[in-house]
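Please work through the exercises below with the sequence and the model side by side. Try each task before reading its solution.

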Amino acid sequence: MSALDSFRELVGSGLRECPAVPLGQSREREHPEWKTHSCWLSCGGRCVNRSYVAEGVVLRQSPDNTHPDSPDYPQQRGCARGRSLRHAVFASDRLKYPLKRKHWQPGGGENSQGHLRGRDEWERITWDEALDYIASEVTRIKNDYGMKSILSTGYEIRTLVDRMYYAPSLSAYGGCTFTWGQASQGAFPLVSNMMKGSFDLGRMDYSDRFDLLEADLVVMWGHNPSWSIMGNTSYFYLRAKQAGAKFIFVDPWCNPTMQALADEWVPVRPGTDTALLLAVAYVLIRDGLQDQDFLDRCCVGFDADHMPEGAPREGNFRDYVLGTYDGQPKTPEWAQPVCGVPAARIEWLAREMGTANRVTLRASQAPARTDNGATFVQAFYTVGWMCGACGLPGAEVSAGAGGYVGFGGPALVEPGDRGAEWPVNPICEPPRGAGQLAAGNYDPSKYYGIAMAEMWDAIVDGEFTNFSHGKEPIDIRMLWKVGEGGRINQNPAFNRAVEAFRSVEFVVSSDLWFTSDCRYSDIVLPSTSFWEVDGFVQPKTNRELLYYTSKIHEPLFECHEDLEVEAAIGERWGIDPAVVNPLSVREMGLNQILGARVVANWERQGEGVTCSDSPRLAESATGAYQSLWNCAWDAPALALGDSPSASDLVDDSSDQGGIAASGLGSEGFEWEFLLDVTREDLEGLGVEGEVHSGLVPLREFLETGVYQVPRALGDGFGHVRYAEFRADPDGCPLNTESGKFEIYCGAIARQYERFGLSRVAPIAQYVPAREGYEDTFADWDAQVKGEYPLQNLSIHFIGRAHQAFDNVMQLREVFPHDVLMNQLDAQAAGVSQGDTVLVESPHGRILRRVRVTSLLIPGVVVLGEGAWSDVVDGDIDRSGNANSLERSSLSGEGQCTWNSSVCRVLPWDGEPLPPDYRSADRRGAGIASVMPARGRKASEAARNAAARLAQVQLPVAPLGGLPEELRDGGAKRLVKDDMPSSAARGRQTFGNAAKLRFWPQGDGAPDTSSEEGGAR
């Protein structure tokens, strides 16, 4: 029995005694090897991880060791989460088979038994049954209510294809309803696009890591990358500190990043950051510390003499701060009772920022994830520009995820295009407006779906807010979460979400584990992890890195890759699988690596570093490489038939924007192919394509799958945003109405009015948040606290990446999911360290153990997000899902207001909570005694569903919204994707890099079976 079979028997049938095998003998038999793979879950780090694998079982993991570590050329090391992947992938609660909720039956109405979702037992079914149920129910709902009544809820990325929540099968079958609005980014995207002409999650606004070394002062606003991003981010900040930068943190909590780096801490209450920034601006103006030259040349709206054309002079920012017209100067004394920062401390902060030569002002997105988040974004940029923090090394004002590992700039190495496109939804704009809403490109005649923040209310109440059109009816009958997500767990207002899930006729989910979404579903499909698919290029890494991951093991149990599943569902509707799943993971990955390019001649710019001098993996990787190469050589080729031809898969025509192996790229760099590809290489991979010269031989690259551009100070690849604009603002205008930074921005006010959700002034003004600090008082004037005297701050947690890893008990032990509380508040509530407490808000209740600390300001509790909900005793969530306490309301661009909620903490007189790592594994409740699938006949309901599906009269053109060429079931060309990959947007691509060879069937032809097996 192989190690993998042993594992399957172990987790599938309970513990059993196994004879011991000498370690040396075991390793000799199993041929263990190190393989490179990704950590794919949504923290933003995307670090290099490696595993020691024997016959599909990961024996141990290692961080990046592909080259020696150095400050200039650092290893891309994974964190505790990434190094726990083997505990997650091989978890005991890994979904193994398709499941059906016991009391759900197809057909809608009373058959749904929706009130039992989250409480019911489960039955194991076959893939055929599961897919027949899904296809039949979608068709029924389509015929009875229309495709608009099906809501695709996905958002959180956990798959290779970062647009999997586009529901390609539903889009090909006639469409569905999507969601729009902002989750993690809060109010930043729209306001940033209006005020400065762009927003890209900090990828370009952040300076290169070497340029930060020039900063005199770094102000970190609501930023804790040591927990939220990890990777090398905090180390790069440490290097700036060692180079002489002073670090000031503004945050309600003295977080771990602050504990490592901070010279000073300025505690501020959640949702009151704007008041603090306005008071800082007052001191800068009063003492003449603002960079007036920069404001005059590069900004509009700061004072009456520099207002945009047509704007009222009295609307300028300077006069508002000084109280010239409203009679209320925004002094430190005015801000102190609101934000909680003493006036003298505000004076000090303003002078520090105003007198520093080079200021870097960085914010996470957390302060903008509030009800009044837009005002923070306005004030944040305004004060940064007042300090001249722009366009110089060490001088920037920026926000976001920071290029995914904390620092920005255009890519120095990038993959080729994947070569795949997916169906366009014919009835609804892409999720979140595909970035168009955030850029202010709103078309009132189009249907964008439901705002994420209003999703549950819309389902339960039967109406949604259609921007300025107001409330309109909507009838959601089905929830679809295949491929992406965690919405019931990761959206605000969990208890309202449960109502929504129980109110519809059908819910289908796919996942790796029995997550909260699965628990409240009717059909659950087991998905593959990234470890179970062929090699691919890890998306969204930092600018210096490209890596191609290995397949670690075959799919466990009956798990299948999500796009395969979508294609199999589409087949039941008469849709060609090549439309829904045009290329396999392997095909996309090969397109990307064979078309990868790197900045040319970096070895001459990087202080003498050459390719031949590049550090190599310390240990021998020959075995790992040989295994990968043999696997590629022996991989089954695709079958002929209805599959698209090789030329259809990847177009190598000149009008696709292909460039020479060495040429000038869109960022001004000279580029060359990364990989040297020979005819022998292509034959070994079983693909057709063009050979080309490159920097690294393909065989050498595949030894580790990792390529990192060596860097050094002064290598010519630094990045400082807006340097050209600062030097010549008239000759290098921005993409704003005025061509400059807009402190007074009429476009923001107009766009908010067009959306019709809330209003905002053209300049930064303090507006109290709903359920903000002021709402903790029953009587603000008399300062009498109310029923909910505390503010709840929801943070990214070190033990999870959103909801991922919450089932890893090792992480639960090392990083307890406690509620943090100041000792003064704990004393007032009558609770002590380690007590179980009941945390209540107007929206829900949770149980948690309390950690009493002096590192958190009074009046605030902190709780990590992402815990899988476990509701007992009515509406009490004993797992501590922060979203059980959150409110859900619309404002601005539809951002979720995670950090605008009030609560109270009470002693718990019931059974105390044990530590989470000792808690019983309750997530698989109801699935332990499922009926085995093999050897039993399909249920009568499944047979009826299949029969109904077979009788469906499909329309002549079932692929609504698709080109004419595809309506006959053929695949003459692919469907245009409304949101192409980053490589295809405005940049040259290498469409001719890899064409899959279609072997003729017959003697001597390779096996033509599906690469990863059928999904049925």
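The model is a predicted one, in which local features need pLDDT of at least 70 and side-chain atom pairs count only at pLDDT 80 or more, while totals for chains, interfaces and linings use all residues. Residues are numbered from 1 along each chain as its sequence is written, and side-chain values use heavy atoms, with hydrogens and water left out.

**Exercise 1. The whole chain**

Task: state how many helices and strands the protein chain has, and what percentage of its residues is buried.

Solution: Begin with the secondary structure, where helices (H or I, at least four residues) and strands (E, at least two) are DSSP runs numbered from the N terminus; the protein chain has 33 helices and 40 strands. Next comes burial, for which buried means under 20% relative accessible area, exposed over 50%, and partly exposed in between, using a 1.4 Å probe and protein chains only. Of the 1016 residues in the protein chain, 63% are buried. Finally, turn to contacts, defined as heavy atoms within 4.5 Å: among those with a separation of 6 or more, 77% are between residues 24 or more positions apart.

**Exercise 2. The surroundings of A279**

Task: find the helix that holds A279, decide whether this residue is buried or exposed, and list what A279 touches beyond four places in sequence.

Solution: A279 is placed in helix α10, which covers residues 273–286. With a relative accessible area of 0%, A279 is buried. Leaving out residues up to four places away in sequence, A279 touches K330, T331, P332, A335 and I346. One of these, I346, is 67 residues from A279 along the chain, yet their C-alpha atoms are separated by 7.1 Å.

**Exercise 3. A sheet of six strands**

Task: give the order of the strands in the open sheet that contains β20, and say which helix packs on this sheet.

Solution: The open sheet has six strands in the order β5-β4-β20-β19-β18-β6, with mixed pairing. At its edges are β5 (122–124) and β6 (150–152), each of which pairs on one side only; here two strands pair if DSSP finds at least two bridges between them. Neighbouring strands of the sheet are turned by 20° against each other on average, direction ignored. The helix that packs on the sheet is α4 (residues 127–145), touching β4 (99–101), β6, β18, β19 and β20 (523–526), and its direction makes about 130° with that of β20. For such angles, axes are lines fitted to C-alpha atoms, for helices over the stretch in contact, and the values run from 0 to 180 degrees between N-to-C directions. Within the sheet, β18 (residues 478–481) and β19 (residues 506–511) pair in the parallel sense over four bridges, and M478 stands opposite F506 in β19.

**Exercise 4. An enclosed strand**

Solution: Six bridges join β34 to the antiparallel strand β35 (residues 844–853), and the two form a hairpin with two residues between them. Strand β34 also pairs in the antiparallel sense with β39 (residues 902–907), over four bridges.

**Exercise 5. Charged pairs**

Solution: A salt bridge is a side-chain nitrogen of Lys or Arg within 4 Å of a carboxyl oxygen of Asp or Glu, and the whole structure holds 60 of them. The side chains of K471 and E454 meet at 2.7 Å, N to O. E454 counts as buried, at 5% relative accessibility. In the salt bridge of E787 with R904, the closest N and O atoms are 3.4 Å apart. E787 is exposed, with a relative accessible area of 52%, whereas R904 is partly exposed at 22%.
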